[in-house]
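Me: I would like to learn how to read a structure step by step. Could you take me through some of its features?

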Amino acid sequence: MNRLFNYPLLSSAHGDEIDRLMIAMHGFIGLFFLGWFLFFGYCLIRFRAGHRQRGRYQGLKGRWVYYLAGAVLVLELFFDLGLSRPYGDTTQYRDDTVNAQATAPLEVRVVAQQFAWNVHYPGPDGVFGATRPELVREESNPMGLDAGDLSAQDDLTTLNHLVLPVDRPVRIYLSSKDVVHSFSLPEFRVKQDIIPGIETELLFTPTMTTATFQERMGDPTRRFEIVCAQLCGLGHYRMRGFVTVLEAEAFADWLEAQTPHFSEEYDPFWD
Ligand SMILES: [Cu+2]
């Protein structure tokens, strides 16, 4: 069904539900469009000029008018309260996803700025090193990681490149250094606004590796993209990154091969 609507190739565990919601909503919108269009056409013909029609201005009478209005009200309430409810409580939804997987999620921080995505891995100790705004250096330390903090010593950072293992939940902590951005991964059906001053959490499970994705797309250079989905300034169009999804072992090897942020050889520019 989602191929029919030309959605991006689905690559996450929860994405199917989002797709079904989108299709259902468009179905309802289509039905309403058709209904009102037919009614409009009927009125044009039924009440056309020169048919000995005279205007009546006293309004409609009778009980069925109230029944009709009542039916519309019930339908609207069903749409507002009924359909939107399962997606309203996202905390519950996220926790269910985690429990179902029974795997500890990988934790990553993503710090957005005009016009780049800074990615921060906690390193082998699993603890994110402290960051402080006054330590930010655009070239050498864009996140303001604190070299004095012991847990920061093994931390890894990358620029515009998020590397994830397949079939394991990932919890991403989003924050912004400047303005409102939006973290969008079309293939994973993930889109979350990033508000300065607020850390936003987000959880999903990639289900397809980049290699499989390239195979399925018939394009060996194709990659999952990170798109900024909120107009955030003049360079918004180039605020773009990539996600590489690897098999669990390949991901472990990748982590191993990375040079920590504070080592001499560290170079955040991966390509
Ligand atoms: Cu942006």
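Reply: Let us begin with strands, which are DSSP runs of E with at least two residues, as helices are runs of H or I with at least four, both numbered from the N terminus. Two strands pair if DSSP finds at least two bridges between them; here strand β5 (residues 170-176) and β8 run antiparallel and are joined by 5 bridges. Tyr 173, for instance, has Glu 201 in β8 as its bridge partner. This is a predicted model, in which local features need pLDDT of at least 70, side-chain atom pairs count only at pLDDT 80 or more, and totals for chains, interfaces and linings use all residues. Residues are numbered from 1 along each chain as its sequence is written, and side-chain values use heavy atoms, with hydrogens and water left out.

Me: Why is strand β8 described as largely enclosed by the rest of the structure?

Reply: Buried means under 20% relative accessible area, exposed over 50%, and partly exposed in between, with a 1.4 Å probe and protein chains only. Strand β8 (residues 200-204) is largely enclosed because 4 of its 5 residues are buried.

Me: Which residues are the protein donors of the copper ion?

Reply: Donors are N, O and S atoms within 2.8 Å of the metal (3.2 Å for Na, K and Ca), and since water is not among the atoms, sites may look incomplete. The copper ion has His 181 (ND1), Cys 228 (SG), Cys 232 (SG) and Met 239 (SD) as its protein donors, at 2.0 to 2.5 Å. Cys 232 counts as buried, because its relative accessibility is 6%, and Met 239 is buried as well, with a relative accessible area of 2%.
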